[in-house]
Amino acid sequence: MHNQNNNCVFCKIIAGEIPSKKIYEDEDILIFYDINPVAPVHVLAIPKIHIESLNSINIDNIEYIPKIFEKIPEIAKNLGIFEDGYRVITNIGENGQQSVGHLHFHIIGGRKLKWEF
């Protein structure tokens, strides 16, 4: 069983308490569609262990990060955005607009993305 946070929405998705439209899942990571997409393709890749944000990565949990990044190009190919391009984003903290306190990577594509801040 992975380290979970009972108050975390993504931990509840991992536990199956909240439904999600899964794209990929293995023992360490989960990739699923974002419920509020900002583009035609918008999915989230998360570690199954609760890591608060990129700032919380350390020697004890770093192994999840390369697993996510190894899977992203395959997911991009499967979703038809590999050739035209896509964006991978993680938000950190309040000023970074992190909406869920569980490390997650947005994979966004399917149209020409604007450079907005």
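## Pocket lining, sheet and aromatic pair

Helix α1 supplies three residues to the lining of the second largest pocket, the largest share. The model is predicted: local features need pLDDT of at least 70, side-chain atom pairs count only at pLDDT 80 or more, and totals for chains, interfaces and linings use all residues. Residues are numbered from 1 along each chain as its sequence is written, and side-chain values use heavy atoms, with hydrogens and water left out.

The volume of this second largest pocket is about 240 Å³. Its lining holds 18 residues, and Phe10, Asp34, Ile35, Leu44 and Val100 are the closest to the centre. Two or more lining residues come from each of α1 (9–14) and β2. By class, the lining has ten nonpolar, seven polar and one charged residue (Ala, Val, Leu, Ile, Met, Phe, Trp, Tyr, Cys and Pro count as nonpolar, Asp, Glu, Lys and Arg as charged, the others, Gly among them, as polar). A pocket is an open set of points on a 1 Å grid over the protein atoms alone where a 1.4 Å probe fits, with protein on both sides within 12 Å along at least five of seven lines; lining residues have an atom within 4 Å of a point. The volume is the space filled by probe spheres set on the points.

Five strands form an open antiparallel sheet in the order β1-β2-β3-β5-β4. The edge strands, β1 (22–25) and β4 (86–89), each pair on one side only. From one strand to the next the twist averages 15°. Helices (H or I, at least four residues) and strands (E, at least two) are DSSP runs, and two strands pair if DSSP finds at least two bridges between them. A hairpin of three residues joins β1 to β2.

| Antiparallel pair | Bridges | A bridge partner pair |
|---|---|---|
| β1 and β2 | three | Tyr24 and Ile31 |
| β4 and β5 (105–109) | four | Tyr86 and Gly109 |

Helix α2 (residues 64–78) lies across β1, β2 (29–33), β3 (41–47), β4 and β5, at about 40° to β2. Contact means heavy atoms within 4.5 Å; axes are lines fitted to C-alpha atoms, for helices over the stretch in contact, with angles from 0 to 180 degrees between N-to-C directions.

The whole structure has two aromatic pairs. One of them, Phe10 and Phe32, is edge-to-face, at 5.7 Å centre to centre and 80° between the planes. Phe10 is in helix α1 and Phe32 in strand β2, so this pair ties together parts 22 residues apart in sequence. Rings of Phe, Tyr and Trp (its six-membered ring) pair if their centres lie within 6.5 Å; planes under 30 degrees apart are stacked, over 60 edge-to-face and the rest tilted.
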